[in-house]
Amino acid sequence: MTELLSIILAAGEGTRMKSALPKVLHPVGGLPVVSHVLRTVLASGSQVAVVVGPNHDAVEAAVHSWAPGAPIARQHERLGTGHAVLQAKASYDAASGHVIVLYADTPLVTAQTLAEIVARLDGGADMVVLGFRPKDPTGYGRLLTKDGRVYAIREHKDASEEERKIGLCNSGILGFRGDTLRSVIERIGNSNAKGEYYLTDAVELAAGDGKRIDYIEVNANELIGVDDRSKLAQAEATFQELRRDDFMKAGVTLKDPKSVWFSYDTQIARDVTIEPNVVFGPGVTIEEGAVIHAFSHIEGAHIGRNASIGPFARLRPAANIGADAKVGNFVEIKKADIGVGAKVSHLSYVGDATIGANVNIGAGVITVNYDGFNKYQTVVGDGAFIGSNSSLVAPVNVGAGGFVVTGSVITEDVEADAMAFARSRQTNKPGRAKEFFEQAKAKKLASKQAKKV
Ligand code: UD1
């Protein structure tokens with residue numbers, strides 16, 4: 001296979017985002033847009049080089065978290081896409097195979113599309129332009145074609161009235177045979193409407209050298225460029241629709257697909273059912289047969305086979321729910337293992353805990369895990385029963401088969417099979433309620449009469 005280098009341009013200022021955050025760090029499906037592009041090119045087996053702007057330390061950090069050690073070039077002045085690619089000279093000079101230039105703000109491009117570009121280059125094309133037909137082509141470079149080949153890309157500002165009628169536009173993604181890129185890139189000038197070094201001029205230069213320039217047309221949704229908040233929302237919506245389709249094709253039931261929101265890394269096995277209005281943050285894995293009831297919010301969690309979650313459950317990072325377990329309504333679980341077949345059915349907080357198999361956690365039970373500075377562990381052994389409205393003040397252990405009576409505040413360990421009472425004993429006073437009500441009624445009457453006088 002021919003070696004591939006991907007040069008990702010990320011130096012744009014993104015002023016239209018009106019944000020303190022560089023535009024390529026805005027998330028789609030919980031992942032920065034630049035990381036989507038990196039993920040796709042790395043999955044294609046490509047090497048990568050990234051061009052960032054002068055104040056882009058955060059972008060550099062994001063790049064290195066996905067592609068440790070990837071060369072990063074700084075473009076100190078934004079003089080155009082051709083100038084941006086020049087900054088990666090050390091990388092493309094060393095490349096032995098093809099080079100693809102991509103934009104960091106175009107997160108939905110697929111590995112399949114990159115493979116098609118590579119196939120064209122392998123098949124004899126010297127350059128490949130990835131084209132698309134946006135609803136409104138204003139602002140995009142137009143592909144000038146003849147006999148199925150491209151001979152120039154005309155930027156909107158430089159195009160004639162006739163050229164502006166062309167619907168086929170440049171997505172910005174261009175593939176080159178390495179020697180073609182090296183032979184044209186330094187010849188690109190900046191005498192155009194914007195006074196910029198246009199990478200797109202590489203096409204006309206290469207065509208002038210007698211090179212073959214192909215184009216591939218893909219669906220506009222794959223090429224949404226996130227350069228304002230509206231495009232960000234479009235990219236998110238498209239990403240979510242794709243994931244919903246992927247999951248349904250893989251055997252997951254979504255009762256109301258449009259109301260379920262996935263993260264870029266959500267993993268769901270077949271025969272899982274997801275009810276309406278469920279949101280997944282990053283790091284979720286769900287095993288076969290589990291049911292996620294409506295209005296649950298789940299991140300960083302593993303959900304075992306046939307477990308039942310929600311409605312209205314909140315699973316936070318490192319929640320690990322065992323097979324056949326049940327986490328019911330208004331329950332929050334954080335950094336806790338819930339054993340096989342265990343039940344936490346109503347109104348509980350379970351954090352920093354290990355809950356054994358077949359444990360029953362009653363309504364309103366709280367693990368008191370935090371003293372304002374430190375976190376402490378709660379361990380509940382297999383088969384134990386924690387009565388409703390109890391507090392387990394960590395660090396504390398309840399042994400296997402133990403029973404905590406309702407309303408207890410447990411501060412000491414409970415040994416296996418023991419029953420713990422940690423509440424004051426009840427006393428009943430016969431007739432006292434009646435006496436009390438009569439006194440209260442008389443007091444109320446007296447105050448009403450006093451007001452009348
Ligand atoms: C570019 C293309 C145009 C195409 C359009 C698709 C050129 C000259 N034009 O236009 O044909 O239809 O994209 O969206 O290439 N960037 C840098 N450094 C720079 C300039 C840009 O890194 O000096 C990066 C930006 O971060 C961005 C990308 O290149 O990711 C595109 O830049 P932008 O200025 O948005 O290009 P367009 O004018 O939209």
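This is a predicted model, in which local features need pLDDT of at least 70, side-chain atom pairs count only at pLDDT 80 or more, and totals for chains, interfaces and linings use all residues. Residues are numbered from 1 along each chain as its sequence is written, and side-chain values use heavy atoms, with hydrogens and water left out.

**Stop 1: the ligand**

Select the ligand and the residues around it. The shell holds 20 residues, the closest being Gly12, Gln75, Thr81, Glu155 and Asn170; a residue belongs to it if one of its heavy atoms lies within 4 Å of the ligand. Strand S1 (4–10), helix H3 (81–86) and strand S10 (169–177) each contribute at least two residues to this shell. Helices (H or I, at least four residues) and strands (E, at least two) are DSSP runs, numbered from the N terminus.

Next, display the distances to the oxygen atoms of the ligand. A backbone N or O atom of Asn170 is 2.6 Å from a ligand oxygen, and a side-chain N or O atom of Glu155 is 2.7 Å from a ligand oxygen. For Gly80, a backbone N or O atom lies at 2.8 Å from an oxygen atom of the ligand. Taken alone, the ligand exposes 750 Å², of which the protein buries 87%; accessible areas come from the Shrake-Rupley method with a 1.4 Å probe, and for residues only the protein chains shown count as cover.

**Stop 2: Asp214**

Move to strand S11 (residues 213–217), where Asp214 is found. Is Asp214 buried or exposed? Asp214 has a relative accessible area of 1% and is therefore buried; buried means under 20% relative accessible area, exposed over 50%, and partly exposed in between (1.4 Å probe, protein chains only).

Show the side chains of Arg120 and Arg149. The side chain of Asp214 forms a polar contact of 3.1 Å with that of Arg120, and another of 3.1 Å with that of Arg149. A polar contact is a pair of N or O atoms within 3.5 Å; within protein, one must be able to donate a hydrogen and the other to accept it, and residues adjacent in sequence count only if both atoms are side-chain atoms. Beyond four places in sequence, the residues that Asp214 touches also include Ala125, Met127, Val128, Val129 and Val150, contact being heavy atoms within 4.5 Å.

**Stop 3: helix H1**

Select residues 33–43, helix H1; 8 of its 11 residues are buried, so the helix is largely enclosed by the rest of the structure. Colour Val33, Val34, Ser35, His36, Val37, Leu38, Thr40 and Val41 to see the buried residues. After H1 comes Gly45, with a positive phi near 75 degrees.

**Stop 4: Asn190**

Go to the loop between helix H7 (178–184) and helix H8 (201–208), which holds Asn190. Asn190 is partly exposed, because its relative accessibility is 32%. Leaving aside neighbours within four places in sequence, Asn190 contacts Gly195, Glu196 and Tyr197. Its C-alpha atom is 9.6 Å from that of His83, although 107 residues separate Asn190 and His83 in sequence.

**Stop 5: Asn320**

Finish in strand S23 (residues 319–321), which contains Asn320. With a relative accessible area of 32%, Asn320 is partly exposed. The side chains of Asn320 and His302 make a polar contact of 3.0 Å. Apart from residues up to four places away in sequence, Asn320 touches His302, Ala336, Asp337 and Ile338.
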